[in-house]
Amino acid sequence: MVKLNKIYTRTGDDGTTGLVAGPRRKKYDARVEAYGEVDETNSLVGAARQHTAGFSDLDRMLMRIQNDLFDLGADLATPDTGEVLQYEPLRIVKTQVERLENEIDALNADLSPLRSFVLPGGTAGAAALHVARTVARRAERRIVELDAIDGETVSPEAIAYINRLSDFLFVAARWINDKGAIDVLWVPGQNR
């Protein structure tokens, strides 16, 4: 259990930060960037939830996602170095990815097939979910970039989770747009 009595420690004043395990890292380190992007995604999901109160099922899904994003941050902040730890590190697991897939399928079942690409917008809730989606995609790029660095590893489940999350947020944005009825569709070349 996490217990925070004091918020500032001054240990980061030298431009480094502590991970859950391992040596301190520069605040611009690729691993710190990756979990920072996950944190930003989580904040934007929280902001989007300000527009989902009338959609209790969707709001519960988003609340679970926010909790999962903390799990993902903990996973990324605990590099797997192969060393035996005194505790079992928190990791994203396959069932979390599968739950997202099931929720995508459930929401998508209510939507008509797309006839064009969707422009972010429609309702305020959909626009907020699209912003969260684009930041989730950026987080995914940072996580995949981290995994490509020699000496760094990211689990396949963590990569799958963040990939699936942006899919979920896209479908959720359509769903909250009156189940796609008020989606704003791209019209190719409309303004030529």
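The legends below accompany close-up views of a predicted model.

**View 1. Helix α5, its length and its surroundings.** Helix α5 covers residues 156-176, and its 21 residues, taken at 1.5 Å a residue, should span 30 Å, which agrees with the 30 Å that separates its end C-alpha atoms. Of these 21 residues, 15 are buried, so α5 is largely enclosed by the rest of the structure. The helix is followed by Asp178, a residue whose phi is positive, near 50°.

**View 2. The largest nonpolar core.** This core holds 42 residues, and among its members Leu72 and Phe168 are the ones that touch the most others. The elements that contribute two or more residues to the core are α1 (30-48), α2 (56-76), α3 (94-108), α4 (124-147) and α5. With 12 residues, α5 gives the most to this core. In soluble globular proteins, nonpolar side chains tend to be buried together.

**View 3. The contacts of Leu72.** When residues up to four places away in sequence are not counted, Leu72 touches Val38, Ile92, Ile143, Ala158, Tyr161 and Ile162. Leu72 is also one of the two residues, the other being Phe168, that touch the most other members of the largest nonpolar core.

**View 4. A nonpolar patch on the surface.** Phe117, Leu119, Val184 and Trp186 form this patch, and together the four side chains' residues have about 390 Å² of accessible area. Val184 belongs to strand β4, which comprises residues 184-185. The relative accessibility of Val184 is 34%, and Val184 therefore counts as partly exposed, since buried means under 20% and exposed over 50%.

Technical notes:
Residues are numbered from 1 along each chain as its sequence is written. This is a predicted model: local features need pLDDT of at least 70, side-chain atom pairs count only at pLDDT 80 or more; totals for chains, interfaces and linings use all residues. Side-chain values use heavy atoms; hydrogens and water are left out. Patches are made of residues with over 30% relative accessible area and no salt bridge: like charges are joined within 9 Å, nonpolar side chains (Val, Leu, Ile, Met, Phe, Trp, Tyr) within 5 Å. Accessible areas come from the Shrake-Rupley method with a 1.4 Å probe; for residues, only the protein chains shown count as cover. Helices (H or I, at least four residues) and strands (E, at least two) are DSSP runs, numbered from the N terminus. Buried means under 20% relative accessible area, exposed over 50%, partly exposed in between (1.4 Å probe, protein chains only). The expected span of a helix is 1.5 Å times one less than its number of residues. A nonpolar core is a set of buried Ala, Val, Leu, Ile, Met, Phe, Trp, Tyr and Cys residues joined through side-chain atoms within 4.5 Å. Contact means heavy atoms within 4.5 Å.
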